[in-house]
Structures are given as C-alpha cells and as structure tokens.
Amino acid sequence: MIGTDLADGRIVIYRGEDGAARAMSAFCKHMGADLSAGGDVVGNDIRCPYHHWAYTDGGRCSNIPSGDAIPRGSNLVDLPLREELGLIWVFFGETPLYDLPGFDEFDDEKHVYRAFEIELKSKLLVDPWIFTTNVFDVVHNRVVHGLNIADPTIEDVNPFLRRMTWDAAHTGEKATGDWRPDIEVFGTNSIRTRSVMDGRLKWYIAAMTPCGRQGTREFFTIITTKDEESEERLDKWQAMHNRFVNEDLPILNNMRTGDLRLVAADRAMGRFIQAAREYPRTSLDAMETAANRKRS
Ligand code: FES
Ligand SMILES: [Fe+2]
C-alpha cells in the first residue's frame, strides 16, 4: 500500500487479496484519517486505521463496525488504474480521455525494462504541463542540454495526442552520440518515446505527476534490448535523464508564465501550451462529490 498527494488531495494505492491494484481518494469520510497511514487491506477492501470504516471496489463505504447505518455521501472516489512495465498509472478523471502510453511490442524474451523515479536535487514546483513543454522546446535542448536537433516534425494528432520526430546529436562536453526518437505526448503530462540511441533500441515512458506537498515528481520506465550490455546502458540512460531534469529544474522553478512572446522557433511548443490551457480540469474533491451524488 502506498499513499501520495495527487493534485488537490491525496490517494491511496493498494493491492487486494486478488492481486489487483486499486486507487482511491485517501481521506476517510468519517473523520478524515489518511487510509495510507496505517490502514489495512482486508480481502480486497481497505480499512481505516482510526475506527475501522471499510471501503470496497468503486470507493464504496462497505462497513462501519460501530453498527451505525452508513451515512449518505460516505464514498471515496476511485480512479481508473493500469499497471504498465513497473509503473502504476491512474487517470485523473472518471473516464480516461486517451489510452495510456504502453508498449504492446514489449517482449520479455527480447527486452528488459527499468522503472524509476527521477532524483530531483530539489522539489520541482511547477505544474507537470510546464515540464512537458520541454519536449517541444527544441532550442533549450541545445543551449541547456547540449542536444542539437535537426528537422523536427510535429503533428497534432488530436487534442490529447501529439507526435514529434527528430534527428539529434549530443555535441559539446556533456555527452556524445546520436539520438533518433519518435515522441508522443499524451494529455499534458505523459510521454512515450521509441528511439534508437547510439545504435541501440531505447524506448521509454515518462510521467510528470502533480504530487501536492511533494511537488511535481517524474517517473520513468526505460526499455532496451536484453543482452549483456543492457544494465550498463540502462544505468547510463537513467543518469542522462536525471541530468536533463536537474538541468531544467532551477529554470523551471523560477519561471513566470503569464504573457509570453513566442517566436517562430517556438511554434510547436505554443500549440502545446494552448492545448494545455484548454485541457479539461477537475479536482479530487469535485470527483468525490460527483461520485457521491451519483450514488445517492
Ligand atoms: S476516521 Fe476513518 S474510521 Fe474514523
Ligand atoms: Fe529539458
């Protein structure tokens, strides 16, 4: 069982006896105890540590041991969840607006993956979508990360999916080598990339997650060919992504993104920023209220 802040609230993620993971809002409807701080999994339900109210699939309050009737509006919200190559994804809404980024081609015999969280030198204080603008920000890749990008092509597939392809080379002191990625950005905070780096298969999925008091955290799964070099490569790429994010960190943490003067080189990023501004919004609190209204 784990608990994490998410957007305006907190969620608990736990695995029931049946092995399936579930994600629910974490504050008990009785007196607001955090289910992830001392709660127990009982069968497939989660039980609050404070007075043992229990919640079941769908977030429904299923038992109050004092024998009282369950009050109206005593349900948590449960979030759509999927596990993919070492990461647990939740969709922040009632129904996913797009498929989660995964790799159907992943083959245990041929590939290995490593899931990890980026080690930030300090808390990342900006919303996830601001970090995502990085992907479309071709100029900063050169001046901040030493990655020279040629011929970027960008396609807005639909409001929730953008594709980008480049030919890039690391120049300068930071790193050397070529990188040819096909990048897809899902929603405002998820990235899937298929690429070849230094002549070797490199796929990855990255998720920028708004974790409230913990700031924005970034989770990765990197995949490569299974052979005697895989671990060494995964070490190297993990270190590279850690470096990229930490190079951006002090800049991102001190930005103010109100009135922008974007130029032609920023076109793809500008379209993404516009889409992020128009993206549907909700809060855990609003979802929980709606879930309770539906039930009563
Ligand atoms: S606060 Fe959870 S049962 Fe009382
Ligand atoms: Fe960057």
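Q: Hey, which domains does the domain assignment of the protein give?
A: There's domain 1 (2–90) and domain 2 (111–278). The bounds come from an automatic or database domain assignment. Keep in mind that this is a predicted model: local features need pLDDT of at least 70, side-chain atom pairs count only at pLDDT 80 or more, and totals for chains, interfaces and linings use all residues. Residues are numbered from 1 along each chain as its sequence is written, while chains are lettered from A and ligands numbered from 1 in the order in which they are written.

Q: What separates the centres of domain 1 and domain 2?
A: 33 Å, with the centres taken over C-alpha atoms.

Q: And how many residues are in contact there?
A: Eight residues of domain 1 are in contact with twelve of domain 2. Contact here means that the C-beta atoms of two residues, placed from the backbone, lie within 7 Å.

Q: Which elements give two or more residues to domain 1's side?
A: Those are β1 and β9 (87–90). The largest share, three residues, comes from β1. Strands are DSSP runs of E with at least two residues, numbered from the N terminus.

Q: How do the residues on that side divide?
A: Into five nonpolar, two polar and one charged. Ala, Val, Leu, Ile, Met, Phe, Trp, Tyr, Cys and Pro count as nonpolar, Asp, Glu, Lys and Arg as charged, and the others, Gly among them, as polar.

Q: Switching to the sheet: what order do β1, β2 and β3 have?
A: The order is β1-β2-β3, in an open sheet of three strands with antiparallel pairing. Strands pair if DSSP finds at least two bridges between them.

Q: Why is one side of β1 and of β3 left without a neighbour in the sheet?
A: Because β1 (2–6) and β3 (21–25) stand at the edges, each with a single partner strand. On average, neighbouring strands of this sheet are turned by 25 degrees against each other, direction ignored. That angle is between N-to-C directions, on a scale from 0 to 180 degrees, using axes fitted to C-alpha atoms.

Q: How many bridges join β1 to β2?
A: Five, and the two strands run antiparallel. I2 stands opposite I13 in β2. Two residues lie between the strands of this hairpin, and A7 in the turn has a positive phi of about 50 degrees.

Q: What about β2 and β3, how many bridges join them?
A: Five bridges as well, with β2 (residues 9–15) and β3 running antiparallel. Y14 has R22 in β3 as its bridge partner. This hairpin has five residues between its strands, and G19 in the turn has a positive phi of about 90 degrees.

Technical notes:
Helix = DSSP H or I, 4+ residues; strand = E, 2+ residues; numbered from the N terminus.
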